[in-house]
Amino acid sequence: MSYDPNWAKVDLNAVPSMKVPAPGPESVAWHGRASQYMKGYSSQVRLFPVAFASGHGVTLTDVDGNVYLDFSSGIYVTSLGHCHPKISEATAQAAKTLMNCHDFTTPIKMRLLEKLDEIAMGEGPRRLNGVQLYDSGTTAVEAGLRVMRAATGKFEFISFHRDFHGKTMGAVGLARLDVSQGLRAPGFFLVPRGNCYRCAFKMKYPECDIYCVDYIRTVIKEETANKVAAIVLEPIQGWGGSVVPPDGWIQKIRALCDEYGLLLMADEVLTCMGRTGKMFAMENWNTVPDVMTLGKGFGNGFPVTAMLVSERFKDKVETISASTSYGGNPMACAAALASIEVIEEENICERAQHLGELLLGRMREMQARHPIVGDVRGIGCLLGIELVKDKATREPFEEAGRLVYQKAFARGLAWIPAWHILRMSPPMIMQDEIALKAMDIIEESIYETEKEFGYC
């Protein structure tokens with residue numbers, strides 16, 4: 001299929017277009033009806049309950065006719081824009097041909113598997129060429145835990161403060177736990193993340209020699225039963241606030257795993273498929289894990305995820321009852337294959353890297369101008385702004401975070417809150433001038449918030 005390469009370009013003066021104050025009356029009515037039945041909305045919706053009707057490229061339109069710039073990508077999902085013509089056509093064609101046949105082989109699945117092998121990380125026994133397909137990130141993570149237990153004969157895991165891995169029992173055990181949900185499952189241990197802006201050990205990088213990784217030795221010795229199967233990490237934190245680790249952190253964890261005979265699992269559900277300027281975020285540190293999970297941008301909105309296992313352990317997948325009812329159905333495989341092809345054909349990784357450099361430069365200017373902007377960070381189109389009450393004390397400013405989010409949304413910017421941290425994940429196809437206009441909206445909202453709290 002051929003399509004207009006300019007299909008997603010928008011007029012700088014035409015977006016955002018707010019016809020009525022948002023959330024408008026139609027949004028309020030639709031959300032009110034839905035919330036009678038649906039419970040457990042995200043903070044995005046609770047803070048700004050708009051109802052969307054359609055999306056095209058880098059814009060979203062609500063039921064009141066307001067047009068927003070999408071600076072969320074459906075929370076890291078529609079990385080290639082809403083309704084990319086190639087991906088939409090491929091998915092629709094698959095739906096017209098064969099919708100599901102459990103885990104039997106289909107031609108489109110075979111083509112996806114070959115493409116994943118073509119782009120796989122690693123060489124020889126470390127090559128990530130064992131694949132199982134799923135329909136959610138947390139399912140892929142759970143499968144990763146099971147295969148690592150099977151591969152090592154051990155049952156304990158170490159993960160990091162404020163990483164996020166999903167919402168089922170094992171995945172929740174890897175992450176921060178709400179005490180209302182009860183105790184963490186046995187065998188899961190959390191350690192401080194490599195977050196230099198908020199170092200748990202009050203040290204300075206690089207003089208610290210990345211002590212937070214060395215501390216894992218203490219946890220293994222003093223807290224575990226010496227049955228650790230693996231260390232699990234997000235290469236870059238999403239839910240935790242777009243936290244980028246210091247150079248050397250991931251490499252040092254890989255070395256620690258090799259020293260202790262542990263496996264390393266990279267949860268790339270959020271960071272894969274060009275989001276950080278590389279097909280896989282781990283490529284930013286030239287580090288190959290033993291297990292990797294893919295999702296979100298993998299299908300550009302279609303629910304398709306994957307667990308990848310290195311050559312030396314892939315036969316262990318046969319022992320864990322890995323298949324699923326929906327994973328790898330023809331529509332999912334068509335969406336994933338078309339998404340990878342678009343990334344390659346449109347040089348999306350290079351585009352994401354360029355946008356990231358452009359936006360991070362602008363964010364640093366904002367950091368210098370605004371007293372409540374404590375830290376700015378990111379790689380590619382995975383970015384964050386951390387708001388503080390005082391730059392010296394770095395006290396989190398959650399009230400400001402909520403207010404900036406709402407003010408920018410009301411101006412026509414659909415994006416992601418995280419307490420005092422503002423998260424940004426624009427579609428990687430966004431034009432430079434549109435991305436900078438989005439930053440203008442954010443800065444205006446920060447300035448208004450500072451005025452309300454008496455900072456200027």
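**Close-up views of a predicted model**

**View 1. Helices α5 and α10 make a left-handed crossing.** Left-handed here means that the near helix is turned anticlockwise from the far one by less than a right angle. Welcome to a predicted model, in which local features need pLDDT of at least 70, side-chain atom pairs count only at pLDDT 80 or more, and totals for chains, interfaces and linings use all residues. Residues are numbered from 1 along each chain as its sequence is written, and side-chain values use heavy atoms, without hydrogens and water. The axes of α5 (residues 107-119) and α10 (residues 330-345) come within 9 Å and cross at roughly 40°; axes are lines fitted to C-alpha atoms over the stretch in contact, with angles from 0 to 180 degrees between N-to-C directions. Helices (H or I, at least four residues) and strands (E, at least two) are DSSP runs, numbered from the N terminus.

**View 2. Four strands form an open sheet in the order β1-β2-β3-β13.** Strands pair if DSSP finds at least two bridges between them. β1 (52-56) and β13 (413-414) each have a single partner strand, so one side of each lacks a neighbour in the sheet. Look for L69, which stands opposite L413 in β13.

**View 3. E386 and R198 meet in a salt bridge.** Such a bridge is a side-chain nitrogen of Lys or Arg within 4 Å of a carboxyl oxygen of Asp or Glu. The N to O distance is 2.4 Å. E386 is buried at 2% relative accessibility, while R198 is partly exposed at 30% (buried is under 20% relative accessible area, exposed over 50%, partly exposed in between, with a 1.4 Å probe and protein chains only).
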